[in-house]
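Welcome! Let's take a look at the fold below and ask where its open spaces lie and what surrounds them.

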Amino acid sequence: MSSDTTFPQNAQSNLRRFTLLLSGEDALDEQGKEDRPIKGLPHERFLLGDLVPIAPVLLMGQSCQEVNPNQEIACLQPIHLHATRDHLILMNQNQIDLTETESSQLLKTALPFIEEDFQSPILFQDKHYWFIPAGPFASLASYSVDQAHGRNIDWWMPRDTHEAGIAKRWRKLQNEIQMLWHIDTVNEEREQRGLLSINSLWISGIGKLNDIQAPVAIMQSKQIYGEHPLLTGLAKYLSIPHHTSVRNEVLAGAFAWLKQPETIWPQLDKALTDKDLDELLIIDFPNGKTRERIFTARDLYKKSWAFWKKAEPLSWKEIISS
């Protein structure tokens, strides 16, 4: 096994390599060193670069419309903020059971306020994401629900960068929408069904397609696999074929970011053993830092001084923790 991988020109053409990206979490001690959060989760920064323009990439991944590569796009999401004794916690989208009908009704209620302040119409909407040109909010530093959920929102609220007063303007709009939704029939009905209220709006992912700084590992790929709409949009932007699930017949030269990467391990193990693949590159983020490791067929077995015994294969858990 080797680490500190580099990608020389045409490396993928010389080796039959499968690249597997694992999701990463923030290193909280690193977050505390700055006066504001580091923008983006480690895998988001790896895929998109330090500017992390999530909104336009998600828009490409979830719609068929053309996206102006120079237009700043913002992502708006209806959310639930859980009140504790002394702070608010942002709940993840998969915890709120929001329906498409509810989402559309909430947007309809808030739309006049949103479009007045953003000075633009909504570009596209689905159940969890609403997209709009960022307009006067383009300079905000913002953080995705994936990054901020489960945490005190005080640290993760949008902040001013080079233009003062924009964060305050956003909070004013956010408060207006919170008051509208507090009395909305959607929340009355949800309360009767014992569901969490949709009590606030979150902004994140502000950026433009031209801000993308995709890594060589994905740019040299011949095939991209994964269900996340961020990956769908990035594949479309890079004009690389994309499938939500891995196809056994196309492993060499592929890049994957999967919800359950352990499920593909038997396929990769077999492909390396049968010499259908030369290498497996695993990219992960221990302590928030990018780590790249290459595995070949001989790295799949436990090392032992008892050379006369048959070597035991490594499990997926052992592979990722080694």
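## The largest pocket

In this predicted model, six elements each supply at least two residues of the lining of the largest pocket: helix 3 (42–48), helix 4 (54–62), strand 3 (73–79), helix 6 (145–148), strand 8 (200–207) and helix 10 (229–238). The lining holds 31 residues, and those nearest the centre of the pocket are Asn-92, Tyr-129, Asp-146, His-228 and Lys-259.

How much space lies in the largest pocket? About 790 Å³. By class, its lining residues divide into 13 nonpolar, 13 polar and 5 charged.

## The second largest pocket

The second largest pocket contains about 240 Å³ of space. It is lined by 16 residues, with Lys-39, Leu-51, Leu-140, Ala-141 and Thr-161 the closest to its centre. Its lining comprises 8 nonpolar, 3 polar and 5 charged residues.

## The protein as a whole

Stepping back, you will find 12 helices and 13 strands in the protein. The radius of gyration is 22 Å, close to the 20 Å that the globule rule gives for 322 residues, so the protein is as compact as a globular protein of that length. Its C-alpha trace spans about 75 × 40 × 40 Å along the principal axes.

## Burial, contacts and surface

Of the 322 residues, 51% count as buried. Among contacts between residues at least 6 apart in sequence, 68% join residues at least 24 apart. The accessible surface comes to about 16,100 Å², and carbon and sulfur atoms account for 51% of that area.

Conventions. Residues are numbered from 1 along each chain as its sequence is written. This is a predicted model: local features need pLDDT of at least 70, side-chain atom pairs count only at pLDDT 80 or more; totals for chains, interfaces and linings use all residues. Side-chain values use heavy atoms; hydrogens and water are left out. On a 1 Å grid over the protein atoms alone, a cavity is a set of points where a 1.4 Å probe fits but cannot get out, and a pocket is an open set with protein on both sides within 12 Å along at least five of seven lines; lining residues have an atom within 4 Å of a point. Grid points are joined across faces, edges and corners, and a volume is the space filled by probe spheres set on the points. Helices (H or I, at least four residues) and strands (E, at least two) are DSSP runs, numbered from the N terminus. Ala, Val, Leu, Ile, Met, Phe, Trp, Tyr, Cys and Pro count as nonpolar, Asp, Glu, Lys and Arg as charged, and the others, Gly among them, as polar. The radius of gyration is taken over C-alpha atoms; the globule rule is 2.2 Å times the number of residues to the power 0.38. Buried means under 20% relative accessible area, exposed over 50%, partly exposed in between (1.4 Å probe, protein chains only). Contact means heavy atoms within 4.5 Å. Accessible areas come from the Shrake-Rupley method with a 1.4 Å probe; for residues, only the protein chains shown count as cover.
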